[in-house]
Amino acid sequence: LEILVIILDVNDNSPEFKQTNLTEFVPEDTKVNATIVAREDLSATDADLDTIFYELTTIVSGTDGYFAIKGVNNPEIYLQKTLDYEKFKWTMLILYARDRSVGSTDTTNTATATINIFIEQADTKPPWFLPCTFINTDNSICISSPYTGRVNISEMSTEPLILEPGPIYAIDPDYTLNEKIVYSIVGGDTDNVFSVDADTGNLTMNKAVTSSEPYLLQVMATQVNNIQKYAVVSVEIKTINKSDYPPYFESPIYNGTVFVGLAPRSFVFQAGDPSSPLMITAVDDDFPNV
């Protein structure tokens, strides 16, 4: 008598990952649809030789939707949308491997792998001139105000010019990279009156101005490592006549008279002449005809 015995496999083994904890560093400028973790690094095995079904979840709030797997049977992780270092710098993913499909009523064994993803800041932003004002909620766009200053006609200053709202200064907003920035004048200085220090941004004079017309300079800040990363700001330099004399009051003492019970903002009259308002005047000998 020949007896054939068939051994029926029982689902008594859980899927196993080669690694249950992975760490990946992803540049901020990684292209959408790029592979983040390869399939071979994430595929699980099952001693029961069952088909494995995968599911990916995001643990860190606010970072969901950026990473996904290629398919229910393909655990390769890829980038779904553009990263932004200013929004988040780290997230944690949990990859589930099951030997039955989701929703199956059969006994299901599950394994998990944890994937930590750290975002690395990339050189994505041009320089910012300071101070500047943010125009969006995520602080990724900052608009600089123009600088202003003044010089005396026919006089050359040997010191860096004093500007408002402050000295010319730009930064690399990709602050973890902090690339070196150099300055140059790219417009508005047809007479070569001014120079800007490439390293400090200090604005100085090469010669005296002879015209009362203002100068509207265009100063550029450029990253040394990438000349395509630059910003341009306006610097208005007004030319004025030098002030040789301080202003002074025409009289050292002014006497006035007020009446009891007057309403606020009522006139104060000259002492001894209640019909003439009190006038306090100053003059400047730099402007004798004014």
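Four strands make up an open sheet, in the order β13-β19-β18-β15, with mixed pairing. Strands here are DSSP runs of E, at least two residues long, numbered from the N terminus, and two of them count as paired if DSSP finds at least two bridges between them. Keep in mind that this is a predicted model: local features need pLDDT of at least 70, side-chain atom pairs count only at pLDDT 80 or more, and totals for chains, interfaces and linings use all residues. Residues are numbered from 1 along each chain as its sequence is written, and side-chain values use heavy atoms, with hydrogens and water left out.

- β13 and β19 (residues 226–240) run parallel and are joined by six bridges.
- For a spot to look at on that pairing, take T148, whose bridge partner in β19 is E236.

**The three-stranded sheet**

- Another open sheet has three strands in the order β3-β7-β6, and its pairing is antiparallel.
- Its edges are β3 (35–37) and β6 (67–71); each has a single partner strand, so one side of each is left without a neighbour in the sheet.
- Here the twist averages 50 degrees from one strand to the next.
- Four bridges link β6 with β7 (residues 74–79) in the antiparallel sense.
- Within that pairing, Y78 in β7 stands opposite A68.

Terms used:
Axes fitted to C-alpha atoms, helices over the stretch in contact; angles between N-to-C directions.
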